[in-house]
Amino acid sequence: MINNSTSETKYHLPKRIILVRHGESEGNKDDTTYGITPDYKIPLTTRGIQQANQAGSRILDVVSGSSDKWKVYFYVSPYVRTRSTLREIGRAFPRNRVLGVREECRVREQDFGNFQVAERMKVIKETRERFGRFFYRFPEGESAADVYDRVSHFLETLWRDVDMNRHHHDPNDELNLVIVSHGLTSRVFLMKWFKWTVEQFEYLNNLGNCEFRVMELGAGGEYSLAVHHSDEEMLEWGMSPEMIADQKWRANANRGALNDHCPWYLDEFFDHLVDSNDKDGEDVKSNNSIDLPLA
């Protein structure tokens, strides 16, 4: 298992985990494309290729900005548009800085069904807005909740990769993990990681093409979006002031610490909790408890 002490954990954990959405695809440009081309085969547009190339330079600036000893490892969705995005991003990186790459099916796009008829999909997506984006399951496809399950499995693998050093990472170098994926998948990844609620997820905006989110290791060993991103950026993403406050707390929190002031850890689920006044481990009865007669 990963050592839980702060110094050792910071030493071995990736410095950053960066989530990148693919560049503009032919499907983003014209949704009738989904009716004649399988989703996984839809390519990038010329503009999407340019976006991915520019994203590579921006990501290089991020990972090389704090140290001259850094390496990068990529995970990529198997879709054509994500593989092409990775290829363009990779043009910015010297070969000796890239530890490796792995195609990872569990970070693929949400499955919307097979061939998608534009008019039918318009009605389906309107129904999803009424039902709720997280739990609505597309006919013959997936819900965001289904994506959450497979992303959760991927996270378990990610931590085993770190724990067993499957990235072949020299701990003297900063390790950066870059996950080239899709908009909803990236939002679900963040939801799972930061323990956001379904309601919070519903307010999140999608990433733009080739936008990325940087989860950076803070001073105490916790990952935070607030290390790299501003309050204004996080507000634009649909994060609430409470979510942003939690990210700023994480930027300096010790690894594994509990944010007592995070409202959705307790207050989101209870109207009121009576302050504990137990002594010496004695159980405290609620004011509303009923004494049952002995049998």
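Here is a short chat about the predicted model shown above.

User: Hi! What should I know about the model and its numbering?
Analyst: This is a predicted model, where local features need pLDDT of at least 70, side-chain atom pairs count only at pLDDT 80 or more, and totals for chains, interfaces and linings use all residues. Residues are numbered from 1 along each chain as its sequence is written, and side-chain values use heavy atoms, leaving out hydrogens and water.

User: Thanks! In what order do the six strands of the sheet come?
Analyst: The open sheet runs β3-β2-β4-β1-β5-β6, with mixed pairing. Strands are DSSP runs of E, at least two residues, and helices are runs of H or I, at least four, numbered from the N terminus; two strands pair if DSSP finds at least two bridges between them. The edge strands are β3 (98-103) and β6 (223-224).

User: And how many salt bridges are there?
Analyst: The count is 20, taking a side-chain nitrogen of Lys or Arg within 4 Å of a carboxyl oxygen of Asp or Glu.

User: Which residue does Arg102 pair with?
Analyst: Arg102 forms a salt bridge with Asp161, at 2.7 Å from N to O. Arg102 sits in strand β3 and Asp161 in helix α6 (residues 144-163), so the pair ties together parts 59 residues apart in sequence.

User: Is Asp161 buried or exposed?
Analyst: Asp161 is buried, at 0% relative accessibility. Buried means under 20% relative accessible area, exposed over 50%, and partly exposed in between (1.4 Å probe, protein chains only). Arg102 is partly exposed, at 24%.

User: What about Arg81 and Asp39, buried or exposed?
Analyst: Arg81 and Asp39 are both buried, and their closest N and O atoms are 2.8 Å apart in a salt bridge.
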